[in-house]
Amino acid sequence: MIEVKNLVKKYGDFTPVDDLSFIVEDGEILGFLGPNGAGKSTTMNMITGYISATSGDVYIDGHSMFDEPEEAKKCIGYLPEIPPVYPDMRVREYLNFVADLREIPAKQKAAEVDRVMGLARVDHMQKKLIKHLSKGYRQRVGLAQALVGNPKVIILDEPTVGLDPMQISWMREFIRSLAKEHTVILSSHILFEVSAICDHVLIINHGKKIVMDTPDNVIRTIGGTEGVYLAAKTTAERMNELIGSIAEVAHVRAEAAPSDGVVACSVFPTEGADIREKLFRTFADANVVLLELRTESKTLEEVFIALTGEEGTC
């Protein structure tokens, strides 16, 4: 559905996107990640045809963005981080305007506007001025405009920024539902959100692709060996002594204790080893009470930091 092929963007000596290629299959949700300045926004602007590329091409449903821009753009609905709404227009008036821009036939326009308002759940706000809507409802109106004309590709840039927890939960479920009929590219700095929603993740840095795979495979392949979290009623010295008696332990990281009289740590085994049973039997044989013993996998955020050297933003 989407093919980005050898995409390059240069501004003089600066190259924010450098020979980037990837494919997003029909009905897939791709999480698009990268630290600030990685070339993520520039790439999305080229995919949507907002800016031109220095070289390379983008194909949307087989249409070249640079040879057939009108046909390619008809296949795309785009919600940028700041929704492209006109605050002095009413919700229905604005969506009618968008429908005109997308050349929706006059006989179908009212039904199409009703459809997208219903999907975004803003139909009860249709007579309100957009400037009087909350941040969450302005975001929903922006989402509705991206859906006008039922485009095959939906591109969402930070769709949950500034929303409250209930709105975030609704937006995540809605994005999942979009994949039934659309191909979706989702850019978000909330890496838990990407891991929970997306079929694949693409991480770029300095304009180049670092990795593209499923979230689980990225964590498994790059994140390394899983650790084991322990919490026990003992002293730190006794905890270290018992753990140190297990040959397959590579290293130990101290953790904050959940309560007084309890010691906690994360234990990381040598490559390929499973030390959970040995830990349990060692502590049981020593009559030391284990309060917790659970696998501790690395998160997508930890892998992102390891790959890019960046923390907290993408």
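The stops below cover aromatic side chains, charges over rings, backbone angles, contacts and salt bridges.

The model is predicted: local features need pLDDT of at least 70, side-chain atom pairs count only at pLDDT 80 or more, and totals for chains, interfaces and linings use all residues. Residues are numbered from 1 along each chain as its sequence is written, and side-chain values use heavy atoms, with hydrogens and water left out.

**Aromatic pairs**

Select Phe 22 and Phe 32. A search of the whole structure finds 4 aromatic pairs, and these two residues form a tilted one, with 6.1 Å centre to centre and 40° between the planes. By definition, rings of Phe, Tyr and Trp (its six-membered ring) pair if their centres lie within 6.5 Å; planes under 30 degrees apart count as stacked, over 60 as edge-to-face and the rest as tilted. Phe 22 belongs to strand β2 (residues 14–24) and Phe 32 to strand β3 (residues 29–33), so the pair links distant parts of the chain, 10 residues apart. Helices (H or I, at least four residues) and strands (E, at least two) are DSSP runs, numbered from the N terminus. Both Phe 22 and Phe 32 are buried. Buried means under 20% relative accessible area, exposed over 50%, and partly exposed in between (1.4 Å probe, protein chains only).

Next, select Tyr 86 and Phe 97. Their ring centres are 5.8 Å apart and their planes stand at 80°, so the pair is edge-to-face. Because Tyr 86 lies in the loop between β6 and α3 while Phe 97 lies in helix α3, the pair ties together parts that are 11 residues apart in sequence. Tyr 86 counts as partly exposed at 45% relative accessibility, and Phe 97 counts as partly exposed at 31%.

Then show the surface of Tyr 86, Phe 97 and Leu 101, which make a nonpolar patch of about 310 Å². Patches are made of residues with over 30% relative accessible area and no salt bridge, like charges being joined within 9 Å and nonpolar side chains (Val, Leu, Ile, Met, Phe, Trp, Tyr) within 5 Å. Accessible areas come from the Shrake-Rupley method with a 1.4 Å probe; for residues, only the protein chains shown count as cover.

Which rings does Arg 140 lie over? One is the ring of Tyr 137, with Arg 140 over its face at 5.4 Å from the ring centre. Another is the ring of Trp 170, where the charged end of Arg 140 sits 4.0 Å from the centre. A charge sits over a ring if NZ of Lys or CZ of Arg is within 6 Å of the ring centre and within 35 degrees of the ring normal.

Arg 121 is found in the loop between α4 (106–120) and α5 (135–147) and counts as partly exposed at 48% relative accessibility.

**Positive phi angles**

Select Asp 19 in strand β2. Asp 19 has a positive phi of about 55° although it is not a glycine. Continue to Glu 158, in the loop between β7 (153–157) and α6 (165–178). Phi of Glu 158 is also positive, near 50°. Is Glu 158 buried or exposed? Glu 158 is buried, with a relative accessible area of 8%.

**Salt bridges**

The structure holds 15 salt bridges. Each is a side-chain nitrogen of Lys or Arg within 4 Å of a carboxyl oxygen of Asp or Glu.

- Select Lys 208 and Asp 18: their closest N and O atoms are 3.1 Å apart. Lys 208 lies in strand β10 (residues 208–213) and Asp 18 in strand β2, so the pair ties together parts that are 190 residues apart in sequence.
- Select Asp 88 and Lys 131, whose side chains meet at 3.2 Å, N to O. Asp 88 counts as exposed at 57% relative accessibility, whereas Lys 131 counts as partly exposed at 46%.
- Select Arg 281 and Glu 277, which meet at 3.0 Å, N to O. Being 4 residues apart in helix α10 (residues 276–285), they are separated by about one helical turn. Arg 281 is exposed, and so is Glu 277.
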